[in-house]
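Please open the model in your viewer and keep the selection tool at hand.

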Amino acid sequence: AAPRSETVGPLKDADLRAALDVLRCYDLHSVVEEWFIEVLQTDLQANIAPEFWNCIDQCENTAEELQCSSLLLDAFCLLKRRLDPYLNSLELLEGWTKAGLLLGTGAQMLQEKVYTMFKAILFFSTTKSFQEMIQQFYSRTFRIYMRQWKKGEDGTNECESSMSETEQESDTEEGGGESPFCAGCDSKREECWCTKAMEQFQQLNDILRRLNLLERVSADAVTTILHRMIEERMEQRCWGEYEHSFLNEFQEWIEKVIGWLSRVFLQDGPLARSSPEASSTLKRWRCHVQRFFYRIYASMRIEELFSIIRDFPESKPAVEDLKFCLERTNQRQQLLSSLKSALEMRLLHPGVNTSDIITLYISAIKALRELDPSMVILEVACEPIRKYLRTREDTVRQIVAGLTGDAEGSSDLAYELSKADPVTLENGQESDDDISEPGDWVPDPVDADPGKSSSKRRSSDIISLLVSIYGSKDLFINEYRTLLADRLLHQFNYSAEREIRNVELLKLRFGEAQMHYCEVMLKDMADSRRINANIRDEEEKLPEEERPPFSLVAVILSSEFWPPLKEEKLELPEQVKEAMEAYSKKYEKLKAMRTLNWKYHLGLVSLDVELADRTLSLSVSPVHAAIILHFQTKSTWTLTELSEVLKVPVTSLKRKMTLWLQQGVLREEPQGTFTVIEEEQKDQVEKVVLIDSDEEGDSAMASQADQKEEELQLFWTYIQAMLTNLESLSLERIHSMLKMFVMTGPVVTEIDIQELQGFLQKKVRDQQLIYSGGVYRLPKNCN
């Protein structure tokens, strides 16, 4: 085993055996193994390693890839020639050890020592240029191998799908013809060296396998190549594509990659026999490639999850792919933090409409339920949406409008409402014991909130999740009452079939008791239709001269059951008031012990405005009709005069006048004075009249601010009474007493402790309360 010149021939086995017997006679056979290791180490350090790295330095100075690959292979061939005698000696020593002729650490241990010495002395630290050379060599052979596999395939489409974009571009010219360069080695086709490269690839792998250096030298390069190729292919094939699943396609492609890995780690050829260690190595690499693919694919889909949710259900294949990958990787926390960040950056800011936020939240509920049936991801990731929606004033209104089909893009909520078997919000599942089959029980993920019921979370549907944003059904019931009232008061034909259907569906969700007021409102509409029909029949029986000058149709409301109506002052012309009084008397005959309290400013007036050269048929509000009726008696009015007659404030009246200015019925000359335009002046330059946005969609209901002020005033009455009797109370005590005695019934909206504190502080600023020592009391001069 000692280093010797090339001219000395190998010793015969008999001579070696004789030498061993001599050593055994002198009891020196125990040091043979130690002597072998020492000689090998000395030769490696003094001769073999410097010679090898000198060859590698020559490769580094070579610019051409083909020449560099040849020199790299030559360097490893030289290394193999230098180490072959030692490897042959190692086999001989292993045989003697197994036969019991040598004393030492054992055959297996000796082999491990030798191979460890190869790695430690030759490749303990490698230069960056050497790593780049190895990576370039394996990268080229990987590309050639995939290209050769492509040519071996029958279908063109499958081949193209298995290539990277750079391979496809190199295969064809921009004009569509065949490229003069080889797609594998990038050389001219007549100078192609793909075959030679694959031969060198096989030779180098055989040498490294023989020296047990294969993983030490090539593992980093192979890992880098595979990671880069998977990332490039994934970005080219999958980025932005959500309507197709890519897992099966990538599994087929990965199998081709495993074929290349088998060329690296397993012996090739007809007589090749793969060792258990090599098979185990290949199996390990297969697991590594698949795990890396799942992790990278999941990371890409997590980054795109906001867009995937937005496009759901068209993006369902992408959600299913992500679910499959998450089950094999530990990336739930990455998903949660990424999705939260995307939602806050792209959705939860003032530039996005509330309806759009609700629409995306509904899509998130559907998509994340598909992704995670336990609903934990939805609960955690979408908590920022729920918090943000609570800060929007129109959230409840938009949800209710969606439930009733009034909002744009509200088909999801309307469909959920019409489901045959809805989740009842009164009696939601509260316990995990409700599961019918114990075998169906599935534990929640570790990031689930232990304070919340698993079965309730899983059984929640879209509507229950939206309602739970506020934790109270009363807000939604009250908002629906307001919306229903507004719609009923704007439908002057008493048609309420759609509203009856919605109320019946909402009763299944919220319970009959909560919807009782809405049922009374619908009954009022039916009663109004019947009463008006009876009164109209009576009028038709009267002689022509006794009939009223115009038809009057009333909507009769049970005031206790309707939301507060908007209050405005308006004095109607005498002939209209007389007709209303006549209608009231007829109503009193039909309904004994009852009378009518008219809301003059609410309703609709159909009238014909007859001018000198034209007649306009319009449907306007009572205040608009009252304005134009006064111009019958006098053709010119000032704002002040009209305001005194109609009892309407000047500022409000000024806005109302814009309708008649726009219709060309009145003109304002000079400022504040209005005159009828009997004949249309066509030659006059048309003036643009801006209508106040409040006039476009006037609601009959009191605004939320007005309703809140009225409710707070009710609370103030109770607070004054409490402080009169008990002298001083803390904020918490006032809130708890209000909750006990005032906040009852579906009409009164609850007030939370923050709102109450703000209200009480306002009373302190207005000097209606005194706050000191953490308690509130009334001023001494307060009656």
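Select D84 first: with a relative accessibility of 17%, D84 counts as buried, where buried means under 20% relative accessible area, exposed over 50% and partly exposed in between, using a 1.4 Å probe and protein chains only. D84 is found in helix 3, residues 65-98; helices (H or I, at least four residues) and strands (E, at least two) are DSSP runs, numbered from the N terminus. This is a predicted model, in which local features need pLDDT of at least 70 and side-chain atom pairs count only at pLDDT 80 or more, while totals for chains, interfaces and linings use all residues. Residues are numbered from 1 along each chain as its sequence is written, and side-chain values use heavy atoms, with hydrogens and water left out.

Which side chain makes a polar contact with the side chain of D84? Show R210 as well, since the two side chains make that contact at 3.4 Å; a polar contact is a pair of N or O atoms within 3.5 Å, and within protein one must be able to donate a hydrogen and the other to accept it, with residues adjacent in sequence counting only if both atoms are side-chain atoms.

Next, select helix 22 (residues 474-490) and helix 23 (residues 497-510), which pack with their axes 12 Å apart and at an angle of about 175 degrees. Axes here are lines fitted to C-alpha atoms, for helices over the stretch in contact, and angles run from 0 to 180 degrees between N-to-C directions. The two helices are therefore roughly antiparallel to each other, a term for angles over 145 degrees. Among the residues that meet are Y480 and L484 in helix 22 and V503 and F510 in helix 23, contact meaning heavy atoms within 4.5 Å.

Now turn to the open sheet, in which 3 strands stand in the order 3-5-4 with antiparallel pairing; two strands pair if DSSP finds at least two bridges between them. Strand 3 (636-638) and strand 4 (666-668) are the edge strands, each pairing on one side only. Strand 4 pairs with strand 5 (residues 673-676) over 3 bridges, and V676 in strand 5 is the bridge partner of L666.

Finally, select P779, in the segment after strand 8 (775-777). P779 is buried, at a relative accessible area of 12%, and its contacts beyond four places in sequence are Q767, Q768, L769 and I770.

Note on methods:
Parallel < 35°, antiparallel > 145°, perpendicular 65-115°, else oblique.
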